[in-house]
Amino acid sequence: MFGYQVAFCWRNTAIYGGLVCFGVLYSMARDRDILWLRWVKKPIGLRGLLLFLAPMAFDGFSHIFGLRDMSENVNMDMWYGSLFSGSQVFSFNWWLRIFTGSLAALGFVRFAYPRFDKAMEQSEVMRMAYRQSSVSYAQQPSAVDKQGTECSV
């Protein structure tokens with residue numbers, strides 16, 4: 001950017017972009033009864049979330065342990081543009097990062113968003129109950145204590 005090198009992670013971009021895209025699909029499935037989107041709003045459990053995260057973990061750990069990194073002894077000019085080397089756009093690593101990041105985002109949306117909705121509904125019910133109780137409390141008859149000041153019963 002502006003002549004400076006910056007770090008850019010395709011996997012993070014896929015995760016955050018997937019959260020936005022799948023979040024929009026989730027809200028469409030929740031607010032409108034669109035038949036082909038019903039699968040998005042079905043919640044998954046913790047095991048399901050771990051299954052969605054497993055490919056990303058495998059991809060990440062394979063890089064950490066050097067299972068898919070290029071050796072420094074290999075002439076990189078020979079491998080430039082190859083599908084199986086580097087992290088340039090459309091390389092094998094790029095596709096894996098985009099796919100596993102998007103899959104993790106989908107898992108998170110299916111795990112967390114239904115729970116967020118349920119918590120919001122419960123908080124709205126609690127808020128309505130609180131308003132109802134405070135209105136009924138304010139409408140109770142008041143009594144006068146020994147000092148002559150008015151207090152509610």
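What share of the 153 residues of the protein chain count as buried? Of these 153 residues, 23% count as buried, where buried means under 20% relative accessible area, exposed means over 50%, and partly exposed lies in between (1.4 Å probe, protein chains only). The model is a predicted one, in which local features need pLDDT of at least 70 and side-chain atom pairs count only at pLDDT 80 or more, while totals for chains, interfaces and linings use all residues. Residues are numbered from 1 along each chain as its sequence is written, and side-chain values use heavy atoms, with hydrogens and water left out.

## Overall architecture

The secondary structure of the protein chain consists of five helices and two strands, helices (H or I, at least four residues) and strands (E, at least two) being DSSP runs numbered from the N terminus. Along the sequence these elements follow the pattern α-α-α-α-α-β-β. Among contacts in the protein chain with a separation of 6 or more, 61% are accounted for by residues 24 or more positions apart, contact meaning heavy atoms within 4.5 Å. The accessible surface of the protein chain comes to about 11,600 Å², and 66% of it belongs to carbon and sulfur atoms; such areas come from the Shrake-Rupley method with a 1.4 Å probe, and for residues only the protein chains shown count as cover.

The largest nonpolar core has 13 residues, of which Phe 22, Ile 44 and Phe 111 touch the most other members; a nonpolar core is a set of buried Ala, Val, Leu, Ile, Met, Phe, Trp, Tyr and Cys residues joined through side-chain atoms within 4.5 Å. The elements that give two or more residues to this core are helix 1, helix 3 and helix 5, and helix 5 gives the most, with five residues. Leaving aside neighbours within four places in sequence, Ile 44 is in contact with Leu 49, Phe 52, Gly 107, Arg 110, Phe 111 and Arg 115.

Leu 19 is found in helix 1 and, not counting residues up to four places away in sequence, touches Ala 105, Phe 108, Val 109 and Tyr 113. Leu 19 and Gly 107 are 88 residues apart in sequence, yet their C-alpha atoms are 9.5 Å apart in space. Trp 10, also placed in helix 1, is partly exposed, with a relative accessible area of 27%, and the C-alpha atoms of Trp 10 and Trp 95 are 9.2 Å apart although the two residues are separated by 85 residues in sequence.

## Salt bridges

A search of the whole structure finds five salt bridges, a salt bridge being a side-chain nitrogen of Lys or Arg within 4 Å of a carboxyl oxygen of Asp or Glu.

| Pair | N to O distance |
|---|---|
| Arg 11 and Asp 59 | 2.3 Å |
| Asp 117 and Arg 30 | 3.0 Å |
| Asp 33 and Arg 38 | 2.9 Å |

Arg 11 forms its salt bridge with Asp 59; because Arg 11 lies in helix 1 (residues 10-31) and Asp 59 in helix 3 (residues 46-64), the pair ties together parts that are 48 residues apart in sequence. Both Arg 11 and Asp 59 are buried.

Asp 117 forms a salt bridge with Arg 30, and since Asp 117 lies in helix 5 (residues 92-138) and Arg 30 in helix 1, the pair ties together parts that are 87 residues apart in sequence. Asp 117 counts as buried at 17% relative accessibility, whereas Arg 30 counts as partly exposed at 39%. Arg 30, Asp 31 and Asp 117 are linked in a network of salt bridges.

In the pair formed by Asp 33 and Arg 38, Asp 33 is exposed, with a relative accessible area of 56%, and Arg 38 is partly exposed, with 35%.

## Surroundings of Thr 100

Thr 100 lies in helix 5 and counts as buried, at 2% relative accessibility. Leaving aside neighbours within four places in sequence, Thr 100 is in contact with Arg 11, Pro 55, Met 56 and Asp 59, and Arg 11 and Asp 59 are themselves joined by a salt bridge. A polar atom of the Thr 100 side chain lies 2.7 Å from the backbone oxygen of Leu 96.

Conventions:
A polar contact is a pair of N or O atoms within 3.5 Å; within protein, one must be able to donate a hydrogen and the other to accept it, and residues adjacent in sequence count only if both atoms are side-chain atoms.
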